[in-house]
Amino acid sequence: MSQFATHQQLAARLAVTFSDADAARADILLQLASGIVQRAGRQILDRVNNDVLVRAGSPDPQIILPQRPVVSVSQVLLDGTPLVFGEPVTQNFNMNASYDFYIINDRIIRPRGWGNEDQALAITYTHGYATQLAVIQAVTLECTVRAWINPGNLQQTHFGAEREVYGAPGIGGGHTSTGMLLTPDEERVVREAVRRQYPSTGMR
């Protein structure tokens, strides 16, 4: 199960020292928060090596790989036949070149198309982050902090004449505790961070 931050980082964020029981509880919450963050990113964020996408062929020249960032593509088979990767000097792909396709970011391109829907296309590629993005770690921690300090997801508590309010200001001047759900701003920064990451992609 993905965990985008450690219990040591959470303890530092809270400025506390964890017991063994605290650390175990923190790991559970961090895993839950990481799943929520990953869903917001709409991608598998951890590094996955040699993932295999099997799909029908297509006459379209361009296929967008579903998981990003694409780190490398190691093999492409069309009906079991390996296709040859190349790096064209220009975008004007030479139809008579010795290679079949090239890669741009999360797209693999074969101008003559990828066969037809009766053929099987298997693409082996590596995607995701070997080291998690700082913004992903930060959002994971903040999501976990809310659950740690307010496990009942209370909106407010009263102690005699004192009142403690949780969450961010909401409509009408009230406050809303989101618990382990992300705020709209957190969802936005996660998606923006994922979209920005496009490493140089090639065959490996």
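So, Arg25 and Trp148: the charged end of Arg25 sits over the Trp148 ring, 4.0 Å from its centre. "Over" here means NZ of Lys or CZ of Arg within 6 Å of the ring centre and within 35 degrees of the ring normal.

Quick caveat: this is a predicted model, with local features needing pLDDT of at least 70, side-chain atom pairs counting only at pLDDT 80 or more, and totals for chains, interfaces and linings using all residues. Numbering runs from 1 along each chain as its sequence is written, and side-chain values use heavy atoms, leaving out hydrogens and water.

Okay, rings. We get three aromatic pairs, where Phe, Tyr and Trp rings (six-membered one for Trp) pair with centres within 6.5 Å; planes under 30 degrees apart are stacked, over 60 edge-to-face, the rest tilted. Take Phe101 and Trp114: centres 5.8 Å apart, planes at 55°, so that pair is tilted. Phe101 is in the loop between strands S4 (81-82) and S5 (102-104), Trp114 in the loop between S6 (107-109) and S7 (120-127), so the pair ties together parts 13 residues apart in sequence. Strands are DSSP E runs of at least two residues, helices H or I runs of at least four, numbered from the N terminus. Phe101 and Trp114 are both buried, meaning under 20% relative accessible area with a 1.4 Å probe, protein chains only. Ring pairs also link Phe85 with Phe101 and Trp114 in a cluster.

In H2, Val37, Ala40 and Gly41 meet Glu187, Val190, Arg191 and Val194 of H4, contact being heavy atoms within 4.5 Å.

Methods. Buried < 20%, exposed > 50% of the residue type's maximum accessible area, 1.4 Å probe, protein only.
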